[in-house]
Amino acid sequence: MGLTRNWWRNSRQKPKIFSTCQWKKRKRYWQTSTEVEGFGQAFAVSEEQKLDWADIFYLTTQPKHLRKPNLLPMLPLPYRDTLESYSLELQNLAMNILDCMSKALNIDNGIMKAVFENEGTQSLRMNYYPQCPQPDKVIGLTPHSDSVAVTILLQFDETEGLQIMKDKKWVPVKSLPDAFVVNIGDIMEILSNGMYKSILHRAVVDETKARISVAAFHNPALDKEIGPIPDLVTPGTPARFRSTSMIDYMKQLFTRVLDGKSYLDYMRINENATSWN
Ligand SMILES: O=C(O)CCC(=O)C(=O)O
């Protein structure tokens, strides 16, 4: 898939922006009250909100014209180049994953291509979870499902922290060397009319070790409508989600706090609908 071992090793440079000696430089990339991109906190929407035990650096990477001029284009070299090639490799990997999903859903792969290719968006979130003397009293990342279609997650240092909800229990996801975790997001659950389920997950923190992860989020192009793919809506499997424009979906998203799968529930047509699988 184009991810050669050497390229992989080079790209695993830790996001240096989190090292303490970078404090002053970091200010250049700070989030503002009206801007979710940059360095700061994930999904902070009110003064009263309890924040997660993490710093994040969030930025749009694809398509290029949607990049904030003060973020990726201003990052120092060689870090900027590393992110650039990482972004492109992951965009290709995401398209391959979507292709496999089309096969599994038994739909023409041109359908996914039309939604994701060319202007399909990608954003990266680098998460830094410092060690915490009382890890049981905080959460690194609030339980949530990703609002996007597909997330490709890279975990550094083999430090554990990611947990998924399975059979009503939190299950740790082992961090394997040279491996990505692929998360199904809410948009994929909507497009597949519920055949793929988005995964509820969270990050916990460690008492002695900090942890870094990088999530690459992949979404349809902003001028697309999202809703169940017509081929997957039949008299026996009626549409389980509303359709909306990507723009409206994103606008709504950033006014909400991160809260489990509540946004997907908001998009659901009939919450009492029984699951097909
Ligand atoms: O740090 C992790 O393992 C989880 C990151 C994550 O879920 C996210 O960035 O949405």
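Predicted model: local features only at pLDDT ≥ 70, side-chain atom pairs only at ≥ 80, totals over all residues.

Trainee: What's the count of helices and strands in the chain?
Mentor: The chain has 7 helices and 12 strands.

Trainee: And how much of the chain is buried?
Mentor: Buried residues account for 32% of the 277 residues.

Trainee: What pLDDT does the chain average?
Mentor: The average is 85, and 84% of the residues score at least 70. Residues 1-8 have pLDDT below 50; that stretch has 9 contacts in the model beyond near neighbours in sequence. Residues 273-277 are also below 50, with 4 such contacts.

Trainee: Switching to the ligand. Which residues surround it?
Mentor: The list is Arg125, Asn127, Leu141, Asp146, Leu153, Gln155, Gly161, Leu162, His201, Ala203, Ser213 and Ala215.

Trainee: How does that shell split by class?
Mentor: It has 5 nonpolar, 5 polar and 2 charged residues.

Trainee: Which strands each supply at least two residues of the shell?
Mentor: Strand 3 (121-129), strand 5 (150-155), strand 9 (201-203) and strand 10 (211-219).

Trainee: What holds strands of a sheet together in pairs, in general?
Mentor: Backbone hydrogen bonds, with the strands either parallel or antiparallel.

Trainee: Back to this one. How many bridges join strand 6 and strand 7?
Mentor: There are 4 bridges, in the antiparallel sense. Strand 6 covers residues 162-166.

Trainee: Which residue in strand 7 is the bridge partner of Gln163?
Mentor: Pro172.

Trainee: Now Leu176. Where does that lie?
Mentor: In the loop that links strand 7 to strand 8 (180-184).

Trainee: Is Leu176 buried or exposed?
Mentor: Exposed. Leu176 has 10 C-beta neighbours inside 10 Å, so it falls under the cut-off of 12 or fewer.

Trainee: And how far is Leu176 from Asp157?
Mentor: They are 9.2 Å apart in space, C-alpha to C-alpha. In sequence they are 19 residues apart.

Definitions and conventions:
Residues numbered from 1 in each chain as written. Near = placed C-beta within 6 Å. Nonpolar A, V, L, I, M, F, W, Y, C, P; charged D, E, K, R; others polar. Pairing = 2+ DSSP bridges. pLDDT = per-residue confidence, 0-100. Contact = placed C-beta atoms within 7 Å. Buried ≥ 20, exposed ≤ 12 C-beta atoms within 10 Å, placed from the backbone.
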